[in-house]
Amino acid sequence: MKTIGHFIGGKHVEGTSGRFADVYNPATGEVQAKVALASQAELRAAVENAAAAQPAWAAQNPQKRARVLMKFVDLLHRDMDKLAEALSREHGKTIPDAKGDIIRGLEVAEFCIGAPHLLKGEFTEGAGPGIDMYSMRQPLGVVAGITPFNFPAMIPMWKFCPAIAAGNSFILKPSERDPSVPMMLAELMIEAGLPAGILNVVNGDKEAVDGVLDDPDIMAVGFVGSTSIAAYVYSRATANGKRAQCFGGAKNHMIIMPDADMDQAADALIGAGYGAAGERCMAISVAVPVGEEAANALMKRLIPRVEALKIGPYTAGNDVDFGPLVTAQALARVKGLVDQGVNEGATLAVDGRNFTMQGYENGYFMGGCLFDNVTKDMSIYKEEIFGPVLSVVRAKDYDEALELPMSHEYGNGTAIFTRDGDTARDFASRINIGMVGINVPIPVPLAYHTFGGWKKSGFGDLNQHGPDAFRFYTRTKTVTSRWPSGLKDGAEFVIPTMK
Ligand code: NAD
């Protein structure tokens, strides 16, 4: 059986804690590897290594650091097929979707090649007599990222690319469910010229996470995962005086106005609701058609499309819309929530619970489910399902539709489909949600903008990637300098002001 250890000091090291987790192939249900779960002592060793390597890396000029990322981008392209295969084998998503996962991370690496520009400070000449004032952005030291299973390439890259480009060293604690790709990314960074010790991968579970949160030398923690763990990581990291940005779960609504192109809206809902088996924090899980006519027209289009979804293992090639769920527990949880929706009185218009994949009976597959007549009090509306399940909540008018995402506890993404500019503009302006799509169902910002949810989808005040990532992983120092030639001598006892 393959074992996966850690990547510390530029090389693979075996785990020494004696604890391991099983890594499954979700398509077959087989255990294909065992991943080491780090002890706090192993985490500490990685931090010491990272701390020793960091000053020399920070002292490199930013262009030289950027060149490592430039080379890394080339290597990602070179190894795209290999990375995608490893990703799909542990996650279950299709190969084209796995490539999307890698490319969305690669795009952040490309953005971070602009580090020399992004790290420039500000300068004021002549702020007072003989006085110049300037600010500089300096790295924090050792920083960390804790990432979820659903984007095992993209989210680690969102974290470590800006942190490393800014001159920090990095501890990545990826999901224990699909650890291979993060390890391959660390190998590629070394091949790209990154000095040993700057990017370390420590595999593990709660013990390693708690080690990160309590370690006195880790200055900042970027987390992505479920909301309860995000809240925990945020409070423990900040109580220990660290910077933290923690992104959590979601319940993304898409409002369909009566004037929308219904075929376009239905297609958008199918891709955004069922792609990656719904295991995306930006998946649309609630459709809100406005008015009975729009609701009926939408259901008429959604039902055959959900029934026609093609489900299969990633090895089946391009002819598959989505694959299995990640684990047996995830499958049981999603099916349990669908049962609960039926018990609570929602109409299950398409039932995918009994789907079996011929030849893959032990895989974690289920078919697409479509609920109609869902109401606000139902658990399938309140909870993040994270599976191939779309709920339709019928609203009588725009105000009632708007109120649904406004009053939901999550605030990651949302969308509106309409041909009316006034309505779209009003929606974008009033909605209390971090990422908004207008006739775009998954409005994931590109690498040079920032990504982050509001309410219980995000804790902390800076977003991921874009300029915010450089703000998060650096601190500002402001220097006031005076060269005294031509100035009068004598002590000043009054606080200097610009009189
Ligand atoms: P998860 O919360 O189970 O795990 C995330 C990370 O936390 C993993 O590294 C895991 O090892 C660690 N962890 C798990 N339990 C822990 C505990 N008790 N104490 C300390 N650490 C613990 O999340 P997941 O199932 O891997 O990912 C899916 C979730 O992530 C969904 O809720 C999804 O919406 C969310 N997500 C959010 C975003 C975003 O940007 N908002 C992006 C992707 C995924």
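Reader: How much area is buried between domain 1 and domain 2?
Author: About 1,900 Å². Carbon and sulfur atoms give 61% of that. Keep in mind this is a predicted model.

Reader: Which residues of domain 1 lose the most area to domain 2?
Author: A27, T94 and S457. Together they make up 26% of what the domain 1 side buries.

Reader: Back up a bit. Where do the domains run in the chain?
Author: Domain 1 comes in two pieces, 2–248 and 457–479. Domain 2 covers 252–438. Their C-alpha centres lie 31 Å apart.

Reader: And how many residues does each put into the contact?
Author: Domain 1 gives 22 residues and domain 2 gives 24.

Reader: Now charges. How many salt bridges are there between the two domains?
Author: One.

Reader: Which residue does D97 pair with in a salt bridge?
Author: R280. The closest N and O atoms of D97 and R280 are 3.0 Å apart.

Reader: What about polar contacts between domain 1 and domain 2, how many residue pairs?
Author: Six, with both residues of each pair at pLDDT 80 or more.

Reader: Which helices of domain 1 supply at least two residues of the side that touches domain 2?
Author: α3 (80–91) and α4 (95–112) each do. The largest share comes from α3, with five residues.

Reader: Last one. How do the residues on that side divide into nonpolar, polar and charged?
Author: On the side of domain 1 that touches domain 2, seven are nonpolar, nine polar and six charged.

Technical notes. Residues numbered from 1 in each chain as written. Predicted model: local features only at pLDDT ≥ 70, side-chain atom pairs only at ≥ 80, totals over all residues. Heavy atoms only, no water. Domains from an automatic or database assignment. Contact = heavy atoms within 4.5 Å. Buried area = accessible area lost by both parts, 1.4 Å probe. Salt bridge = Lys/Arg side-chain N within 4 Å of Asp/Glu carboxyl O. Polar contact = N/O pair within 3.5 Å; in protein donor to acceptor, adjacent residues only side chain to side chain. Helix = DSSP H or I, 4+ residues; strand = E, 2+ residues; numbered from the N terminus. Nonpolar A, V, L, I, M, F, W, Y, C, P; charged D, E, K, R; others polar.
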